[in-house]
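Please look over the sequence and the structure shown here before reading on. The report below moves from one residue to the chain around it.

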Amino acid sequence: MLMAACECYHAGMRRLPLPLLVLIILIAFPVAIPIGIASWIWDRRRMRAAAERTHCERCGATLGVASLRRADTEWAKRVAALLDARPTMRFRMVRSLWAICEACGAEYDYDFRSRIFRRGAGSDGPGDPDKASASSTIPNLDDRVWLPAARPIEDFVCDVSFRVDGKLTTLRDADASGRRGSVVLAEIVPPELPRRAPGGIITADIVGHTEALVAYYRRLIAAAEEAGLTDQLQRPFPHFAVKPVIMADTELTEFAWYDTVSEAGAVLRAIITCPLDASEPQEILDDLEQGWRGRMTVWRGRIGLVEWNWEQTALPPTSGYSFDAAKLASQANPALQRLEAIHRELVQALGRDYWNYR
Ligand SMILES: [Zn+2]
């Protein structure tokens with residue numbers, strides 16, 4: 001879903017189901033529209049005032065209203081270019097470009113709470129005026145070059161991990177400097193299962209011991225209720241996050257923003273169902289969210305994976321990893337079956353699906 005034009009301050013708002021959103025809009029319509037317009041005008045006015053008194057970190061020029069206009073145009077161009085190039089790509093992003101220095105092209109994000117412009121990634125070039133538009137170009141990775149250059153990983157584990165923090169945290173309101181930190185509300189005894197993935201337990205270690213995970217989630221829910229955070233359980237992430245992992249000695253994958261069973265399942269299915277010996281490079285995943293982009297391609301028995309911060313560099317700074325496609329699929333398949341079985345047991349035991357967006 002394209003959300004580029006709206007500033008979502010709360011991560012949970014990102015994925016409100018559409019019918020619910022429509023209902024909220026209908027109920028709130030007579031009040032919300034005028035308030036929304038007024039608060040947008042107000043925010044915009046404050047942003048202009050902030051731009052007038054902010055000096056560019058790189059060249060010292062005042063940012064001013066012109067820098068906001070330039071950012072509006074550039075942002076619209078980037079979103080259009082992305083949509084144009086990859087109309088089928090899963091595409092959710094929060095706007096991160098609010099001002100571009102007229103004098104030197106340095107880019108700035110804006111914090112609506114603290115009303116501070118922050119120098120953004122991707123603007124570290126030596127004053128090159130084309131730099132800003134350079135990062136809007138779409139990577140056209142030549143898989144024939146990319147995949148052979150990727151680092152081959154012989155021994156690996158492909159699975160899905162259930163996040164276990166061992167504590168309940170909540171976001172504190174912004175302090176005077178506009179920073180928001182997380183506060184630990186309670187320690188939650190983790191399940192006595194091996195934690196092979198950093199911060200999580202993989203399905204291979206859960207299967208047959210789902211009751212230990214159920215007990216952990218029960219403790220987590222009880223602690224949230226005790227802390228008066230029942231409403232947070234309506235938005236159960238990140239505590240209930242689930243994500244695909246490929247590990248060797250260390251975790252090789254990040255899959256930023258992957259939270260749900262259905263998202264993890266989609267990655268595994270892409271691996272399982274792809275033509276393992278494709279004679280032409282075939283893309284099986286291209287996903288982008290905020291500062292993260294991930295691509296997977298299969299070609300001649302190898303699957304390549306590269307993840308990088310697309311806001312910093314249009315092309316990935318490394319070639320990523322490559323895996324034997326058949327071996328990867330032979331692990332992804334049972335991992336998916338374990339994931340589905342464990343998920344069913346969890347939902348049944350706790351009476352609700354905390355592991356997917358509703
Ligand atoms: Zn400047």
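## How exposure is judged

A residue is called buried if 20 or more other C-beta atoms lie within 10 Å of its own, exposed if 12 or fewer do, and partly exposed in between. The model to which this rule is applied here is a predicted one.

## Val347 and its surroundings

Val347 belongs to helix α8, which covers residues 325-350. Because 15 C-beta neighbours are found inside 10 Å of Val347, this residue counts as partly exposed.

When residues up to four places away in sequence are set aside, Val347 touches Arg352 and Asp353. Val214 lies 133 residues from Val347 along the chain, and the C-alpha atoms of these two residues are separated by 9.3 Å.

## The nonpolar cores

The largest nonpolar core is made of 54 residues, and the ones with the most contacts inside it are Ala264, Ile271 and Ile303. Helix α8 gives the most to this core, contributing eight residues.

Ile303, leaving aside neighbours within four places in sequence, is in contact with Ile271, Met296, Val298, Ser322, Phe323, Ala325 and Leu328.

## The chain as a whole

The protein chain holds eight helices and 14 strands, and of its 358 residues 30% count as buried. Among the contacts in the protein chain with a separation of 6 or more, 60% are between residues 24 or more positions apart.

Definitions and conventions
Residues numbered from 1 in each chain as written. Predicted model: local features only at pLDDT ≥ 70, side-chain atom pairs only at ≥ 80, totals over all residues. Helix = DSSP H or I, 4+ residues; strand = E, 2+ residues; numbered from the N terminus. Contact = placed C-beta atoms within 7 Å. Core = buried A, V, L, I, M, F, W, Y, C linked by C-beta atoms within 7 Å.
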